[in-house]
Amino acid sequence: QVQLVESGGGLVQAGGSLRLSCAASRIIFSNYHMGWYRQAPGKQRELVATITSGGSANYADSVKGRFAISRDNAKNTVYLQMNSLKPEDTAVYYCNADRLLGGLGYNYWGQGTQVTVSS
């Protein structure tokens, strides 16, 4: 079945950086819009950044200028470079793959990776 495997999470001090990776398998990766979402304790899952199959990126206002999403179709991998991290960025970060094909939606989630930012 389709797998999205995130990595790169961890504990970092405020102001630090992390790079998340999400490796996809069993999908035609280049056809999918990819995204990163996060969920903090007691809060709803929220969009962080997305990148279309054509490479156009979109960001939540809270991360603009600090985070950068990118993709490598040859490696079936999407990345999230996170700089100037803040304690409020602490959350479980999830990778998402999404496409429409023939009127049907195909949507997949990874298992998540924890990011903890200490003050």
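This is a predicted model: local features need pLDDT of at least 70, side-chain atom pairs count only at pLDDT 80 or more; totals for chains, interfaces and linings use all residues.
Biologist: What radius of gyration does the protein chain have, next to a compact globule?

Modeller: The radius is taken over C-alpha atoms, and the globule rule is 2.2 Å times the number of residues to the power 0.38. The C-alpha trace spans about 45 × 25 × 25 Å along its principal axes. For 119 residues the rule gives a value near 14 Å, and the chain agrees, at 14 Å.

Biologist: What share of the residues of the protein chain counts as buried?

Modeller: Buried means under 20% relative accessible area, exposed over 50%, and partly exposed in between (1.4 Å probe, protein chains only). Of the 119 residues, the buried share is 38%.

Biologist: Which two cysteines form a disulfide, and where do they sit?

Modeller: A disulfide is a pair of cysteine sulfur atoms within 2.5 Å, and the structure holds one. Here the sulfur atoms are 2.1 Å apart, in cysteine 22 and cysteine 95. The pair links distant parts of the chain, 73 residues apart: cysteine 22 is in strand E3 (residues 18–25) and cysteine 95 in strand E9 (residues 91–101).

Biologist: Is that disulfide left-handed or right-handed?

Modeller: Look at the torsion about the S-S bond of cysteine 22 and cysteine 95. It is about -80°, so this disulfide is left-handed.

Biologist: Which residue does the side chain of arginine 66 meet in a polar contact?

Modeller: Arginine 66 is in the loop between strand E6 (57–59) and strand E7 (67–72), and it counts as buried at 11% relative accessibility. A polar contact is a pair of N or O atoms within 3.5 Å; within protein, one must be able to donate a hydrogen and the other to accept it, and residues adjacent in sequence count only if both atoms are side-chain atoms. At 2.8 Å, the side-chain partner of arginine 66 is aspartate 89.

Biologist: Which parts of the chain does the salt bridge of aspartate 89 and arginine 38 tie together?

Modeller: A salt bridge is a side-chain nitrogen of Lys or Arg within 4 Å of a carboxyl oxygen of Asp or Glu, and these two side chains meet at 2.9 Å, N to O. Aspartate 89 lies in the loop between strand E8 (77–82) and E9, and arginine 38 in strand E4 (residues 33–39), so the pair ties together parts that are 51 residues apart in sequence.

Biologist: Which residues do salt bridges with shared partners join into one network?

Modeller: Arginine 38 also forms a salt bridge with glutamate 46, at 2.7 Å between the closest N and O atoms. Arginine 38 is buried at 6%, as is aspartate 89 at 0%, while glutamate 46 is partly exposed at 37%. The network joins Arg38, Glu46, Arg66 and Asp89.

Methods: Residues are numbered from 1 along each chain as its sequence is written. Side-chain values use heavy atoms; hydrogens and water are left out. Helices (H or I, at least four residues) and strands (E, at least two) are DSSP runs, numbered from the N terminus.
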